[in-house]
Amino acid sequence: MTKRKRFGVSQALTRGLSETIHVVENNAGIFRNVILPLSRIELDPDNPRKLTISLADVQNGLDKNDVAYERKSAELEKLRELANTIESSGIINPIVVYKRGETYRVVAGERRCLASILAGKNEIEARVFNEKPKGFELKLIQWIENTAREDLTLEERIGNIRDIIQEYQLQHNTDDLSATLLKTITGLSLPQASYYLAVLNAPHDLKRAIENGKIGSLDKAAIIAGIGSDELRNQALQACIEGCSLKELRQIIAKEKQAHKKQAMPPKSKRGRVVTRVNMGFTLNTMVVHSIVAAVLMQPDFKKYADIFSRVKWDQYDQAARAFQKLIEILEHETVR
């Protein structure tokens, strides 16, 4: 049995995130720690953690005729487990809220609020912002809160990243985004940032599988998103839904690509055929292409071509592929001069 891969945060990244959230807090307004009545707290409908269960469900019980009854039942059971912990040990980390009229809207800590109600609590410890954090800061706080959680679905994580990107672009009035910038904003590693961007731009069939909970691995989703062939992508997607491992998924893709390559090659006319072309290979990591292009452009004879590649979005597979083709053309032109 393969060991389940867990989404973890290193100690160094944890320190970095902590520093980031302190900066956000300082920019978002003065906050204070208080005890709040649960009756004055409301959940955020736009929270990236997409709970099916609502405050009314917890207070009044589930409706068996509800189309989402099974999913809500599963969420309620997990909330009861948390409620038992709260009954015995209380809330370890305060929830985060901001004042909204006569109520307080939750920024982070929805499950703790709902579980506290199940535990029969009337009050909860909270960190209160006197002002609502701005759009980008609000999404960043929620992202930092969620990175410590291992039970978030891939859809929730992707939605969280999508919200951060949209708010960042809105705040800075720009459409530009790269894996490097996303890494800087969120504290993700560069490969993880590249994977998230690949999945955000994935075909609809893969997005539907993620939304339906059939694909829960970011690594697998990113690999499938990088497959250009509809036929091969559908095959890989189905294999993933049926439970293949990451290693098996890569083997399936490699095997099918090799088979397609053999079918496309003309039959050999004789043994020992002279090789007349170089196969440049392929990669699922667009940053590899970026590194190759950057290395060539550092050479004195090729610096004059830098502007050609200045607007390439290296996290986009199609743009990275065209850039690499252009680099090959430039190299071939320069070497025959």
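**Close-up 1. Surroundings of lysine 72 in the predicted model.** In this predicted model, lysine 72 touches Thr52, Ile53, Asp57, Leu62 and Asp66, where residues up to four places away in sequence are not counted. One of these residues, aspartate 57, is joined to lysine 72 by a polar contact of 2.9 Å between the two side chains. Lysine 72 has a relative accessibility of 10% and therefore counts as buried, the limit for that class being under 20%. Its place in the fold is helix H3, which runs over residues 69–89.

Close-up 2. Helix H3 has 21 residues and spans 30 Å between its first and last C-alpha, close to the 30 Å expected at 1.5 Å a residue. Which residues of H3 are buried? They are Lys72, Glu75, Leu76, Leu79, Ala83 and Ile86, and because these buried residues fall within an arc of 105° when seen down the axis of H3, they line one face of the helix. An α-helix has 3.6 residues a turn, so residues three or four places apart point the same way. The face of H3 turned away from the buried side carries the exposed residues Glu70, Glu81, Ser88 and Ser89. Helix H2 (55–60) and helix H4 (110–118) are included in what covers the buried residues of H3. Just after the helix comes glycine 90, with a positive phi of about 80°.

Close-up 3. The largest nonpolar core has 40 residues, of which Ile161, Tyr196, Leu206, Ile210 and Ile215 touch the most other members. Two or more residues are given to this core by each of helices H5 (135–147), H6 (154–172), H7 (179–186), H8 (190–200), H9 (204–211), H10 (218–225), H11 and H12 (246–264). Isoleucine 161 is in contact with Trp143, Leu182, Thr186, Leu188, Tyr196 and Leu200, leaving aside its neighbours within four places in sequence.

**Close-up 4. Helix H11 and its buried face.** Helix H11, formed by residues 230–241, has twelve residues and reaches 16 Å from its first C-alpha to its last, close to the 16 Å expected at 1.5 Å a residue. Its buried residues are Leu232, Arg233, Ala236, Leu237, Ala239 and Cys240; seen down the axis of H11, they fall within an arc of 165°, so they line one face of the helix. Glycine 243 follows H11 and has a positive phi, near 105°.

Close-up 5. How many disulfides does the structure hold? The count is zero. A disulfide is a covalent bond between the sulfur atoms of two cysteines. For cysteine 240, the closest cysteine sulfur is that of cysteine 244, and because the two sulfurs are 5.0 Å apart, they are too far from each other for a bond. Cysteine 240 counts as buried because its relative accessibility is 7%, and cysteine 113 also counts as buried, at 3% relative accessibility.

**Close-up 6. The whole protein, for orientation.** The secondary structure comes to 14 helices and five strands, and buried residues make up 37% of the 337 residues in the protein. Among contacts between residues at least 6 apart in sequence, 66% join residues at least 24 apart.

Terms used
Residues numbered from 1 in each chain as written. Predicted model: local features only at pLDDT ≥ 70, side-chain atom pairs only at ≥ 80, totals over all residues. Heavy atoms only, no water. Helix = DSSP H or I, 4+ residues; strand = E, 2+ residues; numbered from the N terminus. Expected span 1.5 Å × (residues − 1). Buried < 20%, exposed > 50% of the residue type's maximum accessible area, 1.4 Å probe, protein only. Arc of directions from axis to C-beta. Polar contact = N/O pair within 3.5 Å; in protein donor to acceptor, adjacent residues only side chain to side chain. Contact = heavy atoms within 4.5 Å. Core = buried A, V, L, I, M, F, W, Y, C linked by side-chain atoms within 4.5 Å. Disulfide = S-S within 2.5 Å.
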